[in-house]
Structure formats: C-alpha cells, structure tokens
Amino acid sequence: FKKQFIIISENYNKGNYLEAEKLALISNNNFPYNEFILRILVDIYEKQNKKREAINTYLQLIKAAPDDLAAYTNLGILYLQIAQLKKAEEVFRKALELNSYDFYLQYNLGITLIDLGKLQEAELRLKTANAIDSSHADLQNKLGFVLYKLGKIKESELCFKKALDLDPNNY
C-alpha cells in the first residue's frame, strides 16, 4: 500500500492527474473506504474540475470518516457549485449537528438559505457566523443584504459599513 501511495503522490505532484487518478482508483478498489486514498481522489477530481466524481468520493469519505467537517463543508460547496441547493442545505445541517460553532458551516448554510429564499433563517445563520468571527467583509455584505431584504434597513447599513471598514475594496 505504501508503495502505491508514493507512486500516486509522485504522479499527482508532477501534474499527471489522469495517471494518479487511475492508480488511486485501483488502490481504492483494493482498499475501499481508505481515507488517504479518498482524500487524494477528491483532490485529483477537484484539480480536474470533475465535480460529480468529487461529490461521489466525498460521500465515500464521509462514510469512512463521519466526523470529518472539512469533507462535509467541501461537499456542501460542491453541491452549491452545481446548484443542488437542497442537497447543500442538507449537508451543512448534518455537519452542524457535529459542530454548531463552525464559522464556515454557519456561513455556507446562510448563503445556501439566501439562494433558497429562506431569508429569516439565513439571517439567523449569518448572525451566528458573525458571533463566531465578525472579521469577514463578505459575511458582513451577505448579512447586510439579508437584513435589507427583510426591511431592517438601519441594521443592514451597519453591516455594509462594517464590510467597508474591513475591506475598503469590497463593494
């Protein structure tokens, strides 16, 4: 296994993604649900912009490592990228059961809920993310947008001002 892993890594590092993918798939067949192989496969698929394959591999990785918040986060983001909003929402909610204090999970669920038109819950999720870490200009803009849409104009203005204070080029 170690030798296979080294050969896969060498091909990956040289940018030979198709060869690395082929070898990783063989290894995955020999060692199903091996976290190391699945992580390499996910990375290979993402480098090649193979979103569907990456999604399927993240699903396998979550079975192998059910507490892996990064896998949930990345899977949710991939679902967002292919406009599978309900699936993204489901993944982020499942991950929040593991860790409700994760900034990125709260933030990503918030932006997913915006896209789904669930503005009141989006406000709650974005405010939770803001309570965890208020130093992100993009978060302030998203929260300001939601508050504006909900008719909370004064509160939204404060968010937009904070976004500009954090990043004057963010508009």
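Start your tour at Leu96: setting aside neighbours within four places in sequence, this residue is in contact with Leu105, Gln106, Leu109 and Arg125. Is Leu96 buried or exposed? Its relative accessible area is 9%, so it is buried. Now draw a distance from Leu96 to Gln106, C-alpha to C-alpha: the two are 10 residues apart in sequence and 7.6 Å apart in space.

**A word on confidence**

Keep in mind that you are looking at a predicted model. The mean over the protein chain is 94, and 99% of its residues reach 70 or more. Which elements sit at the two ends of the scale? Helix α1, residues 2–13, has the lowest mean pLDDT, at 86, while helix α8, residues 119–132, has the highest, at 98.

**Next stop: the aromatic rings**

Select Phe103, Tyr104 and Tyr107, which form one aromatic cluster. How many aromatic pairs does a search of the whole structure find? It finds 4. Zoom in on Phe103 and Tyr104: their ring centres are 5.0 Å apart and their planes stand at 85°, so this pair is edge-to-face. The cut-off behind that label is an angle over 60 degrees. Now show the surface around these two residues. Phe103 has 9% relative accessibility and therefore counts as buried. Tyr104, at 48%, counts as partly exposed.

Move to α1 and show it with helix α2, residues 17–30. The two pack at an angle of about 155°, and their axes are 8 Å apart. That angle makes α1 roughly antiparallel to α2, and their crossing is left-handed.

To see the side chains that meet here, select these two groups:

- From α1: Gln4, Ile7, Ile8, Asn11 and Tyr12.
- From α2: Tyr17, Glu19, Ala20, Leu23, Ala24, Ser27 and Asn30.

Stay on Asn11 for a moment, a residue of helix α1. Is Asn11 buried or exposed? With a relative accessibility of 15%, it counts as buried, because the cut-off for buried is under 20%. Which residues does Asn11 touch, not counting those up to four places away in sequence? They are Asn16, Glu19, Ala20 and Leu23.

**Two loop residues with positive phi**

Follow the chain on from α2 and select Tyr33, in the loop between α2 and α3 (35–47). Check its backbone: phi is positive, about 60°, although Tyr33 is not a glycine. Its relative accessibility is 41%, so Tyr33 counts as partly exposed.

For the last stop, select Ala83, in the loop between α5 (69–81) and α6 (85–98). What is phi of Ala83 near? It is near 60°, a positive value in a residue other than glycine. With a relative accessible area of 59%, Ala83 is exposed.

Conventions: Residues numbered from 1 in each chain as written. Predicted model: local features only at pLDDT ≥ 70, side-chain atom pairs only at ≥ 80, totals over all residues. Heavy atoms only, no water. Phe/Tyr/Trp six-rings, centres within 6.5 Å; stacked < 30°, edge-to-face > 60°. Buried < 20%, exposed > 50% of the residue type's maximum accessible area, 1.4 Å probe, protein only. pLDDT = per-residue confidence, 0-100. Helix = DSSP H or I, 4+ residues; strand = E, 2+ residues; numbered from the N terminus. Axes fitted to C-alpha atoms, helices over the stretch in contact; angles between N-to-C directions. Parallel < 35°, antiparallel > 145°, perpendicular 65-115°, else oblique. Left-handed = near helix turned anticlockwise from the far one by under 90°. Contact = heavy atoms within 4.5 Å.
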